[in-house]
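In this notebook I record what I looked up, step by step.

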Amino acid sequence: MKKGNWLLKTGAFVVIGAFAGLHAGAAMAAKTLVFCSEGSPEGFNPQFFTTGTTADAGSVPMYNRLVEMETGTTNITPALAESWDISADGLTYTFKLRKGVKFHSNAKFKPSRDLNADDILFSFYRMADENHPFHKNTPGQTYAYFQDLGINKIVDKLEKVDDLTVRFKLKRQEAPFLATLTMDFMSVHSAEYAQKMKAAGTPELIDKEIIGTGAFQFVSYQKDAIIRYKAHDGYWDGRPKIDNLIYAITPDASVRYAKLKAGECHVMALPKPADVELMKSDPNIKLLTQQGLNIGYVGFNVEKKPFDSKLVRQALNLAVDRASILKSVYAGTGQIAKNVIPPTMWSYNDKIKEYPYDVAQAKELLAKAGYANGLEVELWYLPVSRPYNPDGKRMAELIQADWAKIGVKTKLTTYEWTEYKKRSKTGEQHAMMFGWSGDNGDPDNFFEPILGCEAVKGGGNIPRWCNKDYEDLIQKAKLTPKQSERAKLYEKAQEIVREEAPLLLLAHSLRFTPVRKNVIGFKMDSTAHHYFKKVDLDK
């Protein structure tokens, strides 16, 4: 039997949101921390969403999972489960739940009981069972990450052993399963709340007026402006040191920086690379730095011409001057990408050759593909800063100029961020700028959600590319307990991606988080998330 905490090679995940117009020095009787985030959330039920802006995970302070990644480390630690056992054959995972875990709520409904096994089963089967009474509770929403990872193909059943014990029975060995359980979409919800709201005729409230067990309790949300939280007094891991947590939704990085300098926020998401040197010299700011567990890319929708042609995709890769993009967009704070996973992650295939900048060869491939006289394409670009891409518009303009040199006329298109993400799942996109920040430290967390066949259905696979050889390799890797053997399979998968070119791989960015000097105990996480439950303010 394997027990307790597992160490992975990389990983972690959590993110947060917004308050507009509060000066950080104003309300310090009660300690109020203001976080300037870059975008509005898609919603507050993490079961529905995959994109992971700091605001998208704005729901995360309200939730816990069975196990979590310790902030700033790769350690999988107990959370709602105080301990766990894994059977020798790797097919049975038994979790002993923590006693006395309290739910919090700002809704009219007040939970009458502590968390128990019924809540774990409710949260899982709502996603897993299409006939579950709450599976289709919110029209238009799907369980994209659950589907992208093919969880129903992995888990045979989840059963209640007693009020404080649950057991997963797997259909097969799944090497990254424990890491998967740390992810936001596996957050635990209240079965009691769902039943009460259904009885009251208002089941939709469970995805709007959220309750949870996390360190912070939801207070209010104003779209594109602010998310307010307050400390959960009964939090099982100890009440947070700050009383109020505010997410000031501020899409413009320059405005976020101005607010940080003025003391209107304490922590800032995603600074412009060009501002990094200024931040280093500011006596009121601490600039934290970490290698990004991320990848920025453009996905070619292979279901649409001309991207159904491998030669076209290869030509478009050859035509892009990545070195210029790294200099102009990232200000040198990153490195050119040649693989889907970053070089800090185990199984990275360093033998892969990146696509060189070769205009002549790109023209030859276009001609060979039947486009000697050029072609027209549409490129959707990111409307907001992302951990893997600080300036989508500037990047799009550079790519547009590069493609023009080989006779490709490019129409640039974008949408408001929430709409952009929504449309990314429909298949209407052409070439689409996107990226990924890892949530759990396992390579599978990149290979499957970005390019796996199930992720086409869930909408996370932007190029909608489903390759049998690639799929066979990544699925075999999941069945392989030994890390060295898994790594060999992933290395081969990277070779296929290089050859088939469903993506224009661009860069892995360095991550920077500037914080005010009076912020105590804030740590950068391995992912693009921000955790505040252990943070304090001085004065």
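The entries below begin with the basis of the model and then turn to the strand and the salt bridges.

**Entry 1: basis.** I noted that this is a predicted model, in which local features need pLDDT of at least 70, side-chain atom pairs count only at pLDDT 80 or more, and totals for chains, interfaces and linings use all residues. Residues are numbered from 1 along each chain as its sequence is written, and side-chain values use heavy atoms, with hydrogens and water left out.

**Entry 2: strand β15.** I looked up how far this strand is enclosed. Helices (H or I, at least four residues) and strands (E, at least two) are DSSP runs, numbered from the N terminus. Buried means under 20% relative accessible area, exposed over 50%, and partly exposed in between (1.4 Å probe, protein chains only). In β15 (residues 294–300), 7 of the 7 residues are buried, so the strand is largely enclosed by the rest of the structure. I recalled that side chains in a regular strand alternate between the two faces of the sheet. On one side of β15 I found N294, G296, V298 and F300, and on the other I295, Y297 and G299, all buried.

**Entry 3: partners of β15.** Which strands are joined to β15 by bridges? Two strands pair if DSSP finds at least two bridges between them. I found 7 bridges to β19 (residues 431–437), which runs antiparallel to β15; here F300 stands opposite A431.

**Entry 4: salt bridges.** Side chains of opposite charge can pair when their charged atoms come close. A salt bridge is a side-chain nitrogen of Lys or Arg within 4 Å of a carboxyl oxygen of Asp or Glu. The structure holds 35 of them.

I examined E159, which is partly exposed at 22% relative accessibility. E159 forms a salt bridge with K157, the closest N and O atoms being 3.7 Å apart; K157 is partly exposed at 36%. K169 also forms a salt bridge with E159, again with 3.7 Å between the closest N and O atoms. This pair links K169 in β9 (residues 165–170) to E159 in β8 (residues 155–162), 10 residues apart. K169 is partly exposed, at 25%.

Next I examined K338 and D350, whose closest N and O atoms are 3.1 Å apart in a salt bridge. Both lie in the loop between β16 (334–336) and α10 (359–368), 12 residues apart. K338 is buried at 16%, whereas D350 is exposed at 55%.

Lastly, I noted a network of salt bridges that links R65, E68, D184 and K533.
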